[in-house]
Amino acid sequence: MWGRKPRCVIRTKMASCSFEDVLAKAERDEAEKLKGITVSKELDLEFDPGNLLAFDKNRIDTREFKDCKREDFLRSLARDNTQLLINEMWKLPTERVEEVIVAKLPDPTTLLPREKPAPKPKPPTKWEQFAKLKGIQKKKKTNLVWDEVHKEWRRRWGYKRAKDDTKEWLIEVPENADPNEDQFNKRNKAKKERVARNEYNRLKNIARAQKIKVPGMGLAPTPRQSKAELAQAVNVAKISTASVGKFQDNLPKEKTPKNTGRKRKFQPLIGDFSSEKQKQLDLLKVMDSKKPRLDVTKAVNKQMREEDMESRHKNKKDFGKKGRRGKMSGKGKGKAGGKGKGPKGKGRKPQMKQGKR
Amino acid sequence: MTRYGFALKAKTRRSKRFLQSRQPKLTEDQKSSMIIRGGNTSQTVSQALKDVYALKKPNAVLYKRKNMVRPFDDSTALEFFSKKSDCSLFLFGSHNKKRPNNLIFGRMFDFHVLDMFELGIERFVSLRDVKTDTCPEGTKPLLVFAGELFETDREHQRLRSLLTDFFCGPRVSAVRLAGLEHVLHFTALEGKIYMRSYKVLLKKSGCRTPRIQLQDMGPSFDFVMRRNHMASDDLYKTAHRQPRGVKPKKKKNISHDAFGTRLGRLHMQKQDLDKLQTRKMKGLRKRRGEQTAETAAAAAKAPRTDE
């Protein structure tokens with residue numbers, strides 16, 4: 001027992017020494033470790049880890065800067081600032097993604113202006129308004145549909161779809177349809193009409209969304225219409241009532257157009273028949289006669305024209321073509337002569353009239 | 001693409017995607033920049049433009065031809081270019097006797113000029129002259145701004161915002177810690193801006209955070225502030241207006257029923273029901289060579305009853 005005490009005393013003394021020593025040593029070690037990465041600055045930097053941005057507000061000593069060692073000064077300043085930024089980055093939560101350590105960035109705090117203004121919510125389309133009114137919900141449809149014919153899953157619409165109308169080789173003619181009608185053609189036309197109507201409605205929706213004025217029915221879709229087009233549209237609108245515009249009042253200075261309608265003239269049914277009789281007798285006379293009718297002025301004009309063409313071709317300096325032209329002109333001459341003199345007959349309209357048509 | 005006056009109609013899916021990529025979006029992608037040469041450019045300016053283009057590589061367009069444009073007088077040409085190439089940042093380089101080695105940094109909002117800053121190059125060290133290895137293209141750089149002028153002076157504040165916009169890379173949610181290689185350091189002192197670009201070397205230190213050593217890399221500029229055109233306050237505010245909350249993307253094909261079970265939908269291929277294996281019965285296993293009609297029939301029957 002007597003022997004133990006000093007041992008105890010010594011041990012406690014040693015223990016206390018070692019505790020202090022250990023603590024001191026630990027502190028020194030920590031300091032050593034952090035020495036590498038600590039940077040002392042007057043003012044703390046402002047960090048934005050989301051943008052990998054750091055801002056140092058400290059004053060820069062201009063004296064150091066003015067020396068020739070400008071690059072070194074800048075580099076050391078940069079090194080200090082980067083060290084602080086990296087310290088900040090290493091404080092962020094990390095995770096392991098595919099054998100790589102990755103730090104999750106928070107949202108950036110510096111506000112930067114946008115490129116384009118924020119998109120405005122689009123006004124609802126005509127169908128959407130109606131659906132909202134009636135309470136119709138959108139039904140989620142599956143992407144693929146089972147096709148019994150091919151016994152596989154096919155997409156609902158598009159290339160190689162489940163029920164493809166266009167690929168049918170047989171269409172039954174319905175009972176109330178015309179037997180001579182082309183059903184395939186009918187189907188194609190109906191589809192085209194649907195496509196056109198769809199497109200038209202889509203454009204109307206867009207115009208409504210952007211509040212662009214679109215001209216109504218009967219007018220061309222250009223922004224500027226001519227006076228004649230507008231007048232025609234007004235007239236068409238006026239007679240588009242159940243009583244074909246008979247009871248539509250005119251505007252103060254508007255005049256009802258009297259010459260509308262197709263231009264056809266008929267002789268009266270009752271009255272003097274002598275003119276009609278005369279016309280019919282003349283017709284019979286022409287049909288009976290052996291000699292053909294000859295319109296002298298027309299024949300002369302035609303002949304003159306042929307001669308002009310001929311002279312023009314002759315004046316051309318093309319040697320190669322001359323022969324051909326000469327032949328042609330000969331033919332033409334022959335023809336003209338023939339036409340001028342030969343039988344023309346009634347009813348055959350001369351070629352000159354084609355221009356008028 | 002055909003036009004109906006007010007609506008563009010895309011005739012192919014590719015053109016439709018192209019048009020949609022140019023529409024304004026809730027969260028925007030990275031801004032692209034266009035780098036334009038002016039009527040007369042010196043060797044320094046041309047090299048400087050090429051270096052900045054190398055820094056901003058995937059999201060930048062370098063116009064090779066010279067354009068006689070005066071941005072401060074008439075910015076319609078720049079706006080037209082921006083509309084055509086869908087770029088909202090621009091860098092215009094020119095050189096004349098009055099303003100030698102001129103670079104104009106600028107940004108657009110809704111294809112109209114928002115801010116423009118004219119900086120003159122006093123000293124320039126190109127990428128080619130510094131013969132160290134560079135970091136890969138498209139790394140997001142660390143940006144450091146130093147100098148109290150960036151805080152106190154209004155013009156410097158705008159310039160800081162513009163330079164951040166110009167040089168910060170794409171917006172990312174996470175970054176690889178070992179990949180933080182590039183740092184751009186801007187120092188503002190007495191009306192001059194010093195831009196330096198360094199490669200970051202991460203050295204071992206005692207603890208988890210590494211010790212930094214910097215290596216000279218890349219273009220370094222000494223800029224002097226010349227003219228500027230700053231946007232009015234209300235236009236600046238409009239440009240910063242953010243749209244109301246972005247909804248997180250919904251995963252398709254997942255639905256929940258009343259009991260809280262998660263349901264999805266599978267489209268099965270065609271199965272040959274004759275070869276369907278239900279339960280394994282050891283006794284019915286086919287032995288080599290031995291297979292009586294009865295056992296075969298029994299084997300056929302047993303799975304069917306199990307169904």
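Leu133(A) belongs to helix α4 (residues 126-134) of chain A; helices here are DSSP runs of H or I of at least four residues, strands are runs of E of at least two, and both are numbered from the N terminus. In this predicted model, local features need pLDDT of at least 70 and side-chain atom pairs count only at pLDDT 80 or more, while totals for chains, interfaces and linings use all residues. Residues are numbered from 1 along each chain as its sequence is written, chains are lettered from A in the order in which they are written, and side-chain values use heavy atoms, with hydrogens and water left out.

Leu133(A) is exposed, with a relative accessible area of 72%; exposed means over 50%, buried under 20% and partly exposed in between, with a 1.4 Å probe and protein chains only. Together with Trp127(A), Phe130(A) and Ile136(A), Leu133(A) makes a nonpolar surface patch of about 470 Å². Such a patch joins nonpolar side chains (Val, Leu, Ile, Met, Phe, Trp, Tyr) within 5 Å, from residues with over 30% relative accessible area and no salt bridge.

In general, nonpolar side chains in soluble globular proteins tend to be buried together. The largest nonpolar core has 35 residues, and Phe105(B), Phe167(B), Phe186(B), Phe221(B) and Phe223(B) have the most contacts inside it. Helix α5 (residues 154-167) of chain B gives the most to this core, with 5 residues. Apart from it lies another core, of 30 residues, including Leu45(A) and Ile86(A). A nonpolar core is a set of buried Ala, Val, Leu, Ile, Met, Phe, Trp, Tyr and Cys residues joined through side-chain atoms within 4.5 Å.

Arg99(B) occupies the loop between β5 (89-94) and β6 (102-109) of chain B. This arginine is buried yet has no salt bridge, and the nearest side chain of opposite charge, Glu118(B), is 4.0 Å away. A salt bridge requires a side-chain nitrogen of Lys or Arg within 4 Å of a carboxyl oxygen of Asp or Glu.

His240(B) lies in helix α6 (residues 233-240) of chain B and is buried, with a relative accessible area of 15%. Leaving aside residues up to four places away in sequence, His240(B) touches Leu111(A), Leu112(A) and Pro113(A), contact meaning heavy atoms within 4.5 Å.

| Residue | Phi | Loop |
|---|---|---|
| Lys160(A) | about 55° | between β6 (152-155) and α5 (183-210) |

Glu99(A) is exposed, with a relative accessible area of 71%.

Terms used: Lys, Arg positive; Asp, Glu negative; His and termini not counted. Patch = residues over 30% accessible without salt bridge, like charges linked within 9 Å, V, L, I, M, F, W, Y side chains within 5 Å. Areas by Shrake-Rupley, 256 points an atom, 1.4 Å probe, with all protein chains shown as cover.
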